[in-house]
Each structure stands twice: as structure tokens, then as C-alpha cells.
There are 2 protein chains.
Amino acid sequence: MAAPDPKRRVEEADRVFAALAHPSRRQILLTLRFRGGRMSAGEIAVRFGCTWPTTSRHLAVLREAGLVTVEPRGRERDYVLATERLNGIVGEWLGWFEPEG
Amino acid sequence: MAAPDPKRRVEEADRVFAALAHPSRRQILLTLRFRGGRMSAGEIAVRFGCTWPTTSRHLAVLREAGLVTVEPRGRERDYVLATERLNGIVGEWLGWFEPEG
DNA sequence: GACTCATTTAGCAATCCTGCTAATCGTTGT
DNA sequence: ACAACGATTAGCAGGATTGCTAAATGAGTC
């Protein structure tokens, strides 16, 4: 486990919020959420208007942000939603703006 | 108050998340939060590394996203943090990923 | 009105993002 | 080995973003 380096934390938040900036990527996360948190790249790709490679790159952005993890399964690749990280980073940031305090 | 048009809701979320994608803009929101939710454009600008016009444009992006509102005061302009909207839009989206359900 | 201060707008260059098509890689099945 | 399938990578064009400097606006002051 990495030390609680605040600089690293900031860079991670940067990548997470940058990843959430694109509607298709938020849609991918929601789709994953309501399909049990795990789908193959193909299952995800067929649900979107853009081409396969474009979706694949969106998935790469989400993976580099740590919002999904990849688990190869045969010749397919399962993408697994990292719910705790999404709630952790975004929730922590949003927590600064809570009414009380 | 606008009708609960889902399409409009989506477009608003787009703009909000796009606004949050830039570190300087998140920093502006945090700075506002911990200075009482209200600051003039100048007070905000002097705290950032970039030039005044650049900060001004960041503020415009936040304003178009509805995350801040502007209140002219004399020849200055106060930017007011729209906490309830930030918590509303981001919190609602994040709510879809809560553990239960 | 002329002048100053606070802030924004205009205009430009560099960079990043997103979409596509074509080519590639790794696994399965014959 | 070969072909088929799932998925990613490479390369490119169009458009958006971000930063800057210089010029313009708008409100207060003399």
C-alpha cells in the first residue's frame, strides 16, 4: 500500500476528474454499475454509438484513473468497476463542501 | 424553477463535470469554500499562478456550469459558491454508486 | 469629462482530446 | 499451422482547451 503522499493524491484526483469529464465515460461507469459491476469490453462497446477502438480508449482512460480494473478471461477482457475508489476520491472531494463545518 | 427535463439535466451534468475536470477550477471552488463562499474576482486571481485573464476565464466556465454565481458590488464582482448545486449534481450522480441497492 | 481601478474580451499559438480507419496482438478452435 | 474472434494500438484529422499579451468595458473618483 502506498504511503499517504498528498501530492500523489492530488494527481490521482486529477486523473479521476478528467476521466469523469466525458459523458461516454460516465455512461460506461453507470452501465457497469447496473450490470453487476463486471462486463467484457465487447459487451460495453456494443452499447455505445462510437466505434470499438474509441470505446477501448475510453476504457483505457478509466483504467488509468483507477476507476475500473481489468481481468483477462480467455480471449475476452472483463472490466470491473472500482466502486470504492470512485466513492473514495469523488466522495472525499465532495465532502469538503458539505453544509456543516 | 425549471421543469425537471431529463435531457437538460444531462446537459447540465456534462457542463458541471467538464468544469470540474481542471485542477485550477476545483482549487477555485475549494478556495471559495474556505473563505466563506464569497470572494471578489481579484481576491481569487491573486492566489493563482496563472494570469488574471486566464483565471477570469476559469471563473466564466464555473459560472456557465452554475457552480458559482456573480454579484456585482461596486466596481468589483463577487463570486459566490453554489454549494447546493455542486452537492446536488455531483452528489446525485455519485449516489448511483452507493454500496446498497 | 478625464482618470483610475477591477475585470473581462479579443486574438493567437501550443497543446490536448476525440473520433475515425487500418494494422496488430493474443487466445481459441479446427 | 491456420483461420476466426476479441480487443488493443498506431496514425491521422478536426475541434476544443488553456495559456499568454494587448485592448476594451464599466463603475467609482477628482
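The largest share of the surface near DNA strand D comes from α4(A), with 6 residues. A residue is near a strand if its C-beta atom, placed from the backbone, lies within 6 Å of it. Helices (H or I, at least four residues) and strands (E, at least two) are DSSP runs, numbered from the N terminus. The model is predicted: local features need pLDDT of at least 70, side-chain atom pairs count only at pLDDT 80 or more, and totals for chains, interfaces and linings use all residues. Residues are numbered from 1 along each chain as its sequence is written, while chains are lettered from A and ligands numbered from 1 in the order in which they are written.

**The surfaces near the DNA**

There are 22 residues around DNA strand D, and A:Ser40, A:Gly42, A:Pro53, A:Ser56 and B:Cys50 come nearest. At least two residues of this surface are supplied by each of α3 (41–45), α4 (52–64) and β3 (76–81) of chain A and α4 (52–64) of chain B.

DNA strand C is surrounded by 21 residues, the closest being A:Cys50, B:Ser40, B:Gly42, B:Pro53 and B:Ser56. Here α4 of chain A and α3 (41–45), α4 and β3 (76–81) of chain B each give at least two residues. α4(B) gives the most to the surface near DNA strand C.

The table sets out the two surfaces by class. Ala, Val, Leu, Ile, Met, Phe, Trp, Tyr, Cys and Pro count as nonpolar, Asp, Glu, Lys and Arg as charged, and the others, Gly among them, as polar.

The 13 residues of α4(A) should span 18 Å at 1.5 Å a residue, and the end C-alpha atoms are 18 Å apart, which agrees. The expected span is 1.5 Å times one less than the number of residues. A:Thr55, A:His58, A:Leu59 and A:Leu62 of α4(A) are buried. A residue is buried if 20 or more other C-beta atoms lie within 10 Å of its own, exposed if 12 or fewer, and partly exposed in between, with C-beta atoms placed from the backbone. Seen down the axis of α4(A), the buried residues fall within an arc of 100°, so they line one face of the helix. The arc is that of the directions from the helix axis to the C-beta atoms. On the face turned away from the buried side of α4(A) are the exposed residues A:Pro53, A:Arg57 and A:Ala60. The buried residues of α4(A) are covered by elements including α1, α2, α3, β2 (68–73) and β3 of chain A. Just after α4(A), A:Gly66 has a positive phi of about 80°.

In α4(B), the buried residues are B:Thr55, B:His58, B:Leu59 and B:Leu62. They too fall within an arc of 100° when seen down the axis of α4(B), so they line one face of the helix. These residues pack against α1 (6–20), α2 (23–33), α3, β2 (68–73) and β3 of chain B. The face of α4(B) turned away from its buried side carries the exposed B:Pro53, B:Arg57 and B:Ala60.

**Where the two chains meet**

Between the chains, 17 residues of chain A are in contact with 17 residues of chain B. Two residues are in contact if their C-beta atoms, placed from the backbone, lie within 7 Å. On the side of chain A that touches chain B, α1 (6–20), α2 (23–33) and α5 (83–95) of chain A each supply at least two residues. The largest share of that side, 6 residues, comes from α5(A). By class, the side has 11 nonpolar, 3 polar and 3 charged residues.

Chain A superposes on chain B (RMSD 0.1 Å) by a rotation of 180° with 0.0 Å of shift along its axis. The two copies are thus related as by a two-fold rotation axis. In chain A, the C-alpha nearest the axis belongs to A:Ala21, 2.9 Å from it. The same surface serves both copies, as 100% of the contact residues of chain A recur in chain B. The superposition is by least squares on the C-alpha atoms of residues with pLDDT of at least 70 in both copies.

**Two buried residues**

A:Phe97 lies in the segment after α5 of chain A. With 20 C-beta neighbours inside 10 Å, A:Phe97 counts as buried. Leaving aside neighbours within four places in sequence, A:Phe97 is in contact with B:Arg33, B:Thr83, B:Leu86 and B:Asn87.

B:Leu32 is in helix α2 of chain B and is buried, with 23 other C-beta atoms within 10 Å. Not counting residues up to four places away in sequence, B:Leu32 touches B:Gly37, B:Met39, B:Tyr79 and B:Leu81.
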